[in-house]
Amino acid sequence: FLLFMKPFFTIILATYNRAEKIDKAIESVLNQTYTNYELIVVDDGSKDSTKTHVKKFSNVIYIKKKHGNVAQARNLGIKKAQGKYITFIDSDDWYKKNHLEHHYNIITKDNNTDFFYGGVKVRGSKFVPDFDHKGKKINVDKCKSCGTFFIKSTILKKVGGFPNLPFAEDYMLFKKFKSEGYKTKRLYKKTYVYDRTGSSSITKNF
């Protein structure tokens, strides 16, 4: 008999009322050149046709929860994750085809790093609210964008996942890893596409 092989990556897609965007995000995962992964979609209480869109895809784990915020939704996905490393995608973004393969090649040669981040191509405005300086904006290139995170699953679960915040939960998670002495590394190849061309993004919509 065939033994169940655990996925190397768990990809968590937290979403809320993004039915018109989510197909592209899911398809970008399913079209990856590297295929040892699981994709968990956590629906944070959507009232649109998100479930119907997700259920079209047979290789996707779908979980629906009561509406809360993006941090809570991602943390539910983290609890269910089977992968050695956990990564993320937002429902209005997408991966380039070599996104997972590129990171797999780096990660397998560098087992000492606990948290990889960076490498994002932005469509639309590059400026987002600056958490540390209220009322100011910061270039996305200087941010810690959740979609680019690749984190050791055991450690992410140990620290309790994302802090329960409505905003900048990814930045605060990064700060927590740094403060607790875990090794982080920035990557520069832009294989994650962050789409800010629409009227709203997932972080505004939660």
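**Aromatic contacts in the predicted model**

Phe 115 is buried, because its relative accessibility of 0% falls under 20%. The model is predicted. Phe 177 is likewise buried, with a relative accessible area of 0%.

A pair of aromatic rings is described by the distance of the centres and the angle of the planes. The aromatic pairs in this model number 14. One of them joins Phe 8 and Tyr 104. Phe 8 belongs to the segment before strand 1 (9-15), while Tyr 104 sits in helix 4 (residues 99-107). The pair therefore ties together parts that are 96 residues apart in sequence. Phe 8 is buried, at 12% relative accessibility. Tyr 104 is partly exposed, at 27% relative accessibility.

Phe 115 and Phe 177 form another edge-to-face pair. Here the centre-to-centre distance is 4.9 Å and the angle between the planes is 65°. This pair also links distant parts of the chain. Phe 115 is in strand 6 (residues 115-117), and Phe 177 is in helix 6 (residues 169-179). The two residues are 62 apart.

Ring pairs also build a cluster. Its members are Phe 8, Phe 9, Tyr 34, Tyr 85, Tyr 104 and Phe 150.

Charged side chains meet rings as well. The charged end of Lys 24 is placed over the ring of Trp 94, at 3.6 Å from the ring centre. The charged end of Arg 74 lies over the ring of Phe 162, and the distance to that centre is 5.3 Å.

Conventions. Residues numbered from 1 in each chain as written. Predicted model: local features only at pLDDT ≥ 70, side-chain atom pairs only at ≥ 80, totals over all residues. Heavy atoms only, no water. Phe/Tyr/Trp six-rings, centres within 6.5 Å; stacked < 30°, edge-to-face > 60°. Helix = DSSP H or I, 4+ residues; strand = E, 2+ residues; numbered from the N terminus. Buried < 20%, exposed > 50% of the residue type's maximum accessible area, 1.4 Å probe, protein only. Lys NZ or Arg CZ within 6 Å of the ring centre and 35° of its normal.
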